[in-house]
Amino acid sequence: MDNFIIRGGKQLNGEIKISGSKNAVLPILAATLLTGERCEITNVPELRDIRSTFELLNYLGKNCFFGYGDFVAEERGPLKLHAPYDLVRKMRASMLVAGPLLARFKKTVFSLPGGCSIGLRPIDIHLQAFKKLGAEISREKGNVVLTAKKLKAARVKFRFPSVGATENLMMCAALIEGRTVLENCAREPEIADLAAVLKKMGARIKGEGTATIEVAGTARLKGFKHSVMADRIETGTFMLACAAAGGRVRLSGVIPKTVDALTRHLRLAGVEVSVFKDAIGINSSGSRPRPVSIITRPYPGFPTDLQAPWMAFMSRARGLCSVNERIFENRFMHAAELGRLGADISVAGKKARIQGVETLLGAPVMASDLRAGAALVIAALVAGGKTLVRRIYHIDRGYEKFEDKLRRLGADIERVKN
Ligand code: UD1
């Protein structure tokens with residue numbers, strides 16, 4: 001297992017290009033199952049989660065190529081309809097193959113998904129919605145089985161704007177003739193990227209990016225070519241790394257409006273953020289920020305995926321602030337690890353209280369999930385001395401060439417074998 005060794009105290013300076021969005025690519029890869037035609041996706045980041053999806057699609061019978069930022073999916077024979085435990089446990093997003101397989105073959109079997117350990121993350125919203133479209137749900141040896149004689153367009157209201165459920169249902173509805181209306185949808189930008197793909201495939205879609213999405217599906221969908229949007233969570237992570245460590249950094253190839261909530265909060269904390277057409281500049285003295293509290297909410301609110309990196313940044317605030325986690329029920333595992341570096345954080349239920357400290361000091365810490373891992377790296381960049389971050393395989397799930405990019409900006413970070 002790999003670890004990072006980070007020697008803190010270096011400012012970050014220079015320019016890096018932000019990679020394609022992990023959370024946008026994953027549903028787009030699942031959408032390739034909606035057609036037998038060739039699909040070409042570019043700007044695909046080299047990540048463990050993409051490799052896992054590559055394996056899953058190949059297992060299901062797709063013929064995939066992945067390398068140098070390109071992903072091609074073709075089909076030469078019949079597909080399997082079962083997404084097995086070994087492939088699915090690594091990543092919750094593998095649940096996204098259910099909608100396409102159900103729509104195309106009227107049957108799919110999948111194991112309950114894994115992913116980051118940040119709460120219960122049930123799949124009831126997906127299942128209830130599939131039911132509304134005419135699917136029957138049963139359980140068999142730890143698997144969920146979805147079948148349908150015929151799927152029908154319908155009106156579906158989600159009890160919570162789940163990102164994955166919105167995507168799964170959009171894909172399923174794209175292959176059902178007639179007009180499906182999805183209400184209380186998630187409005188995350190990755191959903192609009194998926195909608196762009198489904199439109200290229202032949203579906204008619206209105207309302208992506210709003211709470212009500214209308215999908216006019218068709219019996220047959222075509223192949224597509226698509227370049228994936230920039231990763232707003234990677235963008236935000238580097239904004240916070242520079243804000244915390246100090247320095248001047250330019251992030252290129254980004255979509256600035258997708259990080260508006262973070263930009264606003266950073267400015268409140270005293271960091272200079274310059275917004276260009278497709279780039280963001282950060283200018284930070286690296287001194288202690290003003291304390292700024294956050295509440296995570298569905299997009300366009302403050303993203304839960306930047307909650308841990310924000311906490312790392314605020315651990316040196318000039319006073320007291322709080323973090324209120326409203327999306328996941330157990331997403332504070334990083335608080336105790338930040339504490340090992342000297343942060344003063346107490347957690348009660350869904351709220352964390354951060355009393356900013358003057359300095360952090362390097363120590364051995366452990367990443368418990370993807371974004372928690374990024375938070376520990378940010379804290380290590382400002383901590384005095386040496387920090388060892390273990391279990392960085394979590395970070396490899398979602399950040400492309402993380403240490404290379406940080407090193408290019410001047411950080412002292414190296415990857416070492418256990
Ligand atoms: C996606 C993102 C993830 C991000 C999250 C919230 C991808 C691949 N992952 O995850 O990075 O943190 O959105 O922005 O895009 N829920 C249920 N029942 C369900 C589905 C969800 O109760 O059927 C709950 C979850 O437990 C969670 C909340 O709803 O508390 C949000 O989950 P959801 O929006 O579905 O997140 P994901 O799509 O899994």
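## Exercises on a predicted model

In strand S11, Glu183 is the bridge partner of Lys157. This is a predicted model, where local features need pLDDT of at least 70, side-chain atom pairs count only at pLDDT 80 or more, and totals for chains, interfaces and linings use all residues. Residues are numbered from 1 along each chain as its sequence is written, and side-chain values use heavy atoms, with hydrogens and water left out.

**Exercise 1. Decide whether Ala269 and Glu358 are buried or exposed.**

Step 1: Buried means under 20% relative accessible area, exposed over 50%, and partly exposed in between (1.4 Å probe, protein chains only).

Step 2: Ala269 has a relative accessible area of 3%, so Ala269 is buried. Its place is the loop between helix H9 (260–268) and strand S16 (272–275).

Step 3: Glu358 has 53% relative accessibility and therefore counts as exposed. Look for Glu358 in the loop between strand S21 (351–355) and strand S22 (364–366).

Step 4: Now check their contacts (heavy atoms within 4.5 Å). Leaving aside neighbours within four places in sequence, Ala269 is in contact with Pro289, Arg290, Val292, Trp310, Phe313 and Met314. Glu358 touches Arg288 and Arg316, again not counting residues up to four places away in sequence.

**Exercise 2. Find which residues surround the ligand, and which helix gives the most to the shell.**

Step 1: A residue is near a molecule if one of its heavy atoms lies within 4 Å of it. The ligand is surrounded by 20 residues, and the closest are Asp124, Ile125, Ser162, Asp305 and Ile327.

Step 2: Helix H1 (22–31), helix H5 (124–132) and helix H6 each supply at least two residues of this shell. H5 gives the most, with three residues.

Step 3: A nitrogen atom of the ligand is 2.8 Å from an N or O atom in the side chain of Asp124. An oxygen atom of the ligand lies 2.6 Å from a backbone N or O atom of Ile327.

Key
Two strands pair if DSSP finds at least two bridges between them. Helices (H or I, at least four residues) and strands (E, at least two) are DSSP runs, numbered from the N terminus. A polar contact is a pair of N or O atoms within 3.5 Å; within protein, one must be able to donate a hydrogen and the other to accept it, and residues adjacent in sequence count only if both atoms are side-chain atoms.
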